[in-house]
Amino acid sequence: MTGQSSFKIGVLTLSDKGSRGEREDVSGQVVREMVAGLGEVVCYEVIPDEVEGIVETLVEWADEKRLDLILTTGGTGLSPRDVTPAATARVIDWQIPGMAEAMRSASMQKTPHAMLSRALAGVRGTTMIINLPGSPRGVRENLEVVLPALEHGLRKLQGDPADCAR
(Lines give C-alpha, C1' and ligand atoms only; values in the text may rest on other atoms or scores of the structure.)
Protein backbone atom coordinates (compact mmCIF):
# COMPACT_ATOMS: atom_id res chain seq x y z
CA MET A 1 0.00 0.00 0.00
CA THR A 2 1.16 3.47 -0.77
CA GLY A 3 0.42 5.02 2.61
CA GLN A 4 -1.99 7.52 1.06
CA SER A 5 -5.02 5.28 1.33
CA SER A 6 -8.08 6.81 2.90
CA PHE A 7 -10.94 4.57 1.93
CA LYS A 8 -14.25 4.54 3.80
CA ILE A 9 -14.76 1.04 5.15
CA GLY A 10 -17.69 -0.80 6.72
CA VAL A 11 -17.45 -3.91 8.87
CA LEU A 12 -20.65 -5.92 9.11
CA THR A 13 -20.68 -8.89 11.48
CA LEU A 14 -23.45 -11.43 11.00
CA SER A 15 -24.14 -13.25 14.24
CA ASP A 16 -27.38 -14.09 15.96
CA LYS A 17 -25.64 -14.40 19.35
CA GLY A 18 -23.49 -11.33 18.76
CA SER A 19 -26.52 -9.22 17.84
CA ARG A 20 -28.13 -10.22 21.16
CA GLY A 21 -24.98 -9.35 23.12
CA GLU A 22 -24.33 -13.01 23.98
CA ARG A 23 -20.98 -13.16 22.17
CA GLU A 24 -18.15 -10.64 21.75
CA ASP A 25 -17.40 -9.77 18.13
CA VAL A 26 -13.73 -10.77 17.98
CA SER A 27 -13.85 -11.32 14.20
CA GLY A 28 -15.01 -7.76 13.56
CA GLN A 29 -12.15 -6.50 15.74
CA VAL A 30 -9.65 -8.51 13.67
CA VAL A 31 -11.04 -6.98 10.47
CA ARG A 32 -10.74 -3.46 11.93
CA GLU A 33 -7.12 -4.03 12.94
CA MET A 34 -6.13 -5.52 9.59
CA VAL A 35 -7.62 -2.74 7.45
CA ALA A 36 -6.37 0.14 9.60
CA GLY A 37 -3.72 1.06 7.00
CA LEU A 38 -6.23 1.01 4.17
CA GLY A 39 -8.65 3.59 5.50
CA GLU A 40 -11.14 4.38 8.23
CA VAL A 41 -13.88 2.07 9.47
CA VAL A 42 -16.79 4.52 9.38
CA CYS A 43 -19.59 1.96 9.72
CA TYR A 44 -19.67 -1.02 12.05
CA GLU A 45 -22.60 -3.16 13.05
CA VAL A 46 -23.43 -6.59 14.41
CA ILE A 47 -26.76 -7.88 13.09
CA PRO A 48 -28.57 -11.24 13.04
CA ASP A 49 -28.21 -13.75 10.21
CA GLU A 50 -31.31 -12.55 8.37
CA VAL A 51 -31.28 -12.01 4.60
CA GLU A 52 -33.47 -8.89 4.58
CA GLY A 53 -31.46 -7.14 7.31
CA ILE A 54 -28.20 -7.93 5.56
CA VAL A 55 -29.53 -6.72 2.19
CA GLU A 56 -30.87 -3.52 3.76
CA THR A 57 -27.55 -2.75 5.49
CA LEU A 58 -25.39 -3.50 2.43
CA VAL A 59 -27.58 -1.30 0.21
CA GLU A 60 -27.61 1.56 2.72
CA TRP A 61 -23.84 1.44 3.24
CA ALA A 62 -23.12 1.25 -0.51
CA ASP A 63 -25.77 3.60 -1.90
CA GLU A 64 -26.34 6.13 0.86
CA LYS A 65 -23.14 6.15 2.91
CA ARG A 66 -21.04 5.59 -0.24
CA LEU A 67 -18.51 3.30 1.42
CA ASP A 68 -15.59 2.13 -0.70
CA LEU A 69 -15.32 -1.28 0.95
CA ILE A 70 -17.66 -3.44 3.00
CA LEU A 71 -16.25 -6.50 4.73
CA THR A 72 -18.74 -8.95 6.17
CA THR A 73 -17.80 -11.61 8.67
CA GLY A 74 -19.89 -14.69 9.38
CA GLY A 75 -22.62 -16.64 7.67
CA THR A 76 -20.60 -18.11 4.79
CA GLY A 77 -20.92 -21.81 5.59
CA LEU A 78 -23.57 -24.46 5.04
CA SER A 79 -25.85 -24.16 8.06
CA PRO A 80 -29.41 -22.98 7.44
CA ARG A 81 -28.59 -19.66 9.19
CA ASP A 82 -25.58 -19.00 6.90
CA VAL A 83 -27.27 -16.54 4.54
CA THR A 84 -24.58 -13.91 3.93
CA PRO A 85 -23.66 -15.05 0.39
CA ALA A 86 -27.33 -15.19 -0.64
CA ALA A 87 -27.91 -11.67 0.68
CA THR A 88 -24.71 -10.41 -0.97
CA ALA A 89 -25.69 -11.97 -4.31
CA ARG A 90 -28.94 -9.99 -4.19
CA VAL A 91 -27.18 -6.62 -3.92
CA ILE A 92 -24.02 -6.86 -6.04
CA ASP A 93 -23.87 -5.78 -9.67
CA TRP A 94 -21.13 -8.30 -10.47
CA GLN A 95 -18.83 -10.76 -8.74
CA ILE A 96 -15.06 -10.66 -8.34
CA PRO A 97 -14.60 -14.44 -8.49
CA GLY A 98 -10.79 -14.33 -8.24
CA MET A 99 -10.95 -12.92 -4.72
CA ALA A 100 -13.29 -15.62 -3.41
CA GLU A 101 -11.30 -18.30 -5.25
CA ALA A 102 -8.02 -17.01 -3.80
CA MET A 103 -9.42 -17.02 -0.27
CA ARG A 104 -10.74 -20.57 -0.62
CA SER A 105 -7.51 -21.78 -2.24
CA ALA A 106 -5.32 -20.35 0.52
CA SER A 107 -7.64 -21.70 3.21
CA MET A 108 -7.57 -25.15 1.62
CA GLN A 109 -3.86 -25.28 2.52
CA LYS A 110 -4.93 -25.15 6.17
CA THR A 111 -8.23 -27.04 6.32
CA PRO A 112 -10.31 -29.13 3.93
CA HIS A 113 -13.39 -27.41 5.39
CA ALA A 114 -12.47 -24.33 3.31
CA MET A 115 -14.11 -25.97 0.30
CA LEU A 116 -17.44 -25.57 2.11
CA SER A 117 -17.21 -21.77 2.10
CA ARG A 118 -19.77 -19.99 -0.08
CA ALA A 119 -18.17 -16.57 0.43
CA LEU A 120 -18.58 -14.06 -2.38
CA ALA A 121 -16.73 -10.93 -3.40
CA GLY A 122 -18.40 -8.41 -5.65
CA VAL A 123 -19.21 -4.82 -6.49
CA ARG A 124 -22.28 -2.66 -6.04
CA GLY A 125 -21.84 0.66 -7.82
CA THR A 126 -18.35 1.66 -6.70
CA THR A 127 -18.43 -0.31 -3.44
CA MET A 128 -16.49 -3.54 -3.10
CA ILE A 129 -18.17 -6.13 -0.84
CA ILE A 130 -16.24 -9.15 0.45
CA ASN A 131 -17.62 -11.98 2.60
CA LEU A 132 -15.22 -13.33 5.21
CA PRO A 133 -15.66 -16.32 7.53
CA GLY A 134 -16.99 -15.88 11.05
CA SER A 135 -14.00 -17.13 13.03
CA PRO A 136 -11.19 -14.73 13.96
CA ARG A 137 -8.61 -17.14 12.50
CA GLY A 138 -10.61 -17.52 9.29
CA VAL A 139 -10.97 -13.76 8.97
CA ARG A 140 -7.23 -13.27 9.38
CA GLU A 141 -6.28 -16.03 6.93
CA ASN A 142 -8.75 -14.87 4.25
CA LEU A 143 -8.16 -11.14 4.59
CA GLU A 144 -4.37 -11.65 4.40
CA VAL A 145 -4.91 -13.17 0.94
CA VAL A 146 -6.93 -10.29 -0.57
CA LEU A 147 -5.43 -7.36 1.34
CA PRO A 148 -2.49 -6.88 -1.10
CA ALA A 149 -4.93 -6.35 -4.01
CA LEU A 150 -7.51 -4.20 -2.21
CA GLU A 151 -5.99 -0.74 -2.66
CA HIS A 152 -5.48 -1.26 -6.40
CA GLY A 153 -8.98 -2.69 -6.84
CA LEU A 154 -10.59 0.12 -4.88
CA ARG A 155 -8.69 2.74 -6.85
CA LYS A 156 -9.91 1.14 -10.10
CA LEU A 157 -13.51 1.27 -8.84
CA GLN A 158 -13.01 4.96 -8.13
CA GLY A 159 -12.01 5.47 -11.76
CA ASP A 160 -8.20 5.41 -11.61
CA PRO A 161 -7.13 5.46 -15.29
CA ALA A 162 -3.58 4.17 -14.68
CA ASP A 163 -2.53 0.97 -16.38
CA CYS A 164 -2.68 -2.13 -14.24
CA ALA A 165 0.76 -3.37 -15.32
CA ARG A 166 3.71 -2.26 -13.25
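Me: At roughly what angle do the axes of helix α3 (residues 51–64) and helix α4 (residues 84–91) cross?
Reply: In this predicted model, the axes of α3 and α4 come within 9 Å of each other. The crossing of α3 past α4 is right-handed. The axes cross at roughly 45°.

Me: Are α3 and α4 parallel, perpendicular or oblique to each other?
Reply: Angles under 35 degrees count as roughly parallel, and 65 to 115 as roughly perpendicular. The axes cross at roughly 45°. The two helices, α3 and α4, are therefore oblique.

Me: Which residues of α4 make the contact with α3?
Reply: By class, this contact has two polar, two charged and seven nonpolar residues. From α3 come V51, E52, I54, V55, L58 and V59. From α4 come T84, A87, T88, R90 and V91.

Me: Within what arc do the buried residues of helix α2 (residues 26–34) fall?
Reply: The buried residues of α2 are S27, G28, V30, V31 and M34. Their cover includes β1 (7–14), β2 (39–47), β3 (69–73), β6 (127–132) and α6 (136–157). Seen down the axis of α2, the buried residues line one face of the helix, because they fall within an arc of 155°.

Me: Is V11 buried or exposed?
Reply: V11 belongs to strand β1. Among the residues V11 touches are G28 and V31, both buried residues of α2. Buried means under 20% relative accessible area. The value for V11 is 0%, so V11 is buried.

Conventions:
Residues are numbered from 1 along each chain as its sequence is written. This is a predicted model: local features need pLDDT of at least 70, side-chain atom pairs count only at pLDDT 80 or more; totals for chains, interfaces and linings use all residues. Side-chain values use heavy atoms; hydrogens and water are left out. Axes are lines fitted to C-alpha atoms, for helices over the stretch in contact, and angles run from 0 to 180 degrees between N-to-C directions. Helices (H or I, at least four residues) and strands (E, at least two) are DSSP runs, numbered from the N terminus. Angles under 35 degrees count as roughly parallel, over 145 as roughly antiparallel, 65 to 115 as roughly perpendicular and the rest as oblique. A crossing is left-handed if the near helix is turned anticlockwise from the far one by less than a right angle, and right-handed if clockwise. Contact means heavy atoms within 4.5 Å. Ala, Val, Leu, Ile, Met, Phe, Trp, Tyr, Cys and Pro count as nonpolar, Asp, Glu, Lys and Arg as charged, and the others, Gly among them, as polar. Buried means under 20% relative accessible area, exposed over 50%, partly exposed in between (1.4 Å probe, protein chains only). The arc is that of the directions from the helix axis to the C-beta atoms. Lists of a residue's contacts leave out its neighbours within four places in sequence.
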